[in-house]
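I opened this notebook to look up aromatic contacts and the surroundings of a few side chains. The entries follow in the order of my searches.

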Amino acid sequence: MLRRFAAWLLRGAVLVALAAPAVQAAATPLPRDSVYQLDAPLIDHAGRRFTLASKRGSAQLIVMFYTSCKFICPTIIDTVLDLDRKLAPAERQHLGVLLISLDPQHDDPAALQATAQKRGLDLTRWTLAQPRPADVRAIAAMLGVRYRALADGEFNHTGVLALLDANGRVVARSSKTGGLIDPQFLSRVRAVLAQP
């Protein structure tokens, strides 16, 4: 009886020890410069609601785009796909990709899903998201994206890839989006992914 009780206590201690890092990370306050401090609810390509802070815990590559864009947005996605191809499978598993729409009035979950399917995006790691219209400017400012709406419904915007660490701090940016990833940015991504 005493042996069984001791074994039960030991198992409980092991489970608590295994869960401690996750509990500790969730309980640790976010850094003041974390993008995840922004209270900006999103809806993903499958219609699920989530927050930026829910991405905490792994590196994220975040870009802003819109689905009807015919010019810079397709090359932004091509650039991220090129990055994906250049990462080893083990590296790829630890990098999330978040595409946030500049045009939430038109980019609902159905439009986001259609773009993901058309481009063959890996939706186990890629998330396409619709923000609230009121949050677009704040998200863009946090990521260093400049944009303006045009009279014809299109947007002029900069193409920025923002790399966030596990706590949502922007640790690197690249504005080279011609379809091929900037080698220096790729090196920075690898360095962040190599961190424990």
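I took buried to mean under 20% relative accessible area, exposed to mean over 50%, and partly exposed to mean in between, with a 1.4 Å probe and protein chains only. The model is predicted, so I note that local features need pLDDT of at least 70, that side-chain atom pairs count only at pLDDT 80 or more, and that totals for chains, interfaces and linings use all residues. Residues are numbered from 1 along each chain as its sequence is written, and side-chain values use heavy atoms, with hydrogens and water left out.

Entry on Ser68. I found Ser68 partly exposed, at a relative accessible area of 33%. Ser68 belongs to the loop between strand 3 and helix 2; helices (H or I, at least four residues) and strands (E, at least two) are DSSP runs, numbered from the N terminus. Its C-alpha atom is 9.0 Å from that of Asp103, 35 residues away along the chain.

Entry on ring pairs. I counted rings of Phe, Tyr and Trp (its six-membered ring) as paired if their centres lie within 6.5 Å, with planes under 30 degrees apart called stacked, over 60 edge-to-face and the rest tilted. Tyr66 and Phe155 are edge-to-face, at 5.0 Å centre to centre and 65° between the planes. Tyr66 lies in the loop between strand 3 (59–65) and helix 2 (72–86) and Phe155 in strand 7 (residues 155–157), so this pair ties together parts 89 residues apart in sequence. Tyr147 and Phe155 have ring centres 6.3 Å apart and planes at 50°, so I recorded that pair as tilted.
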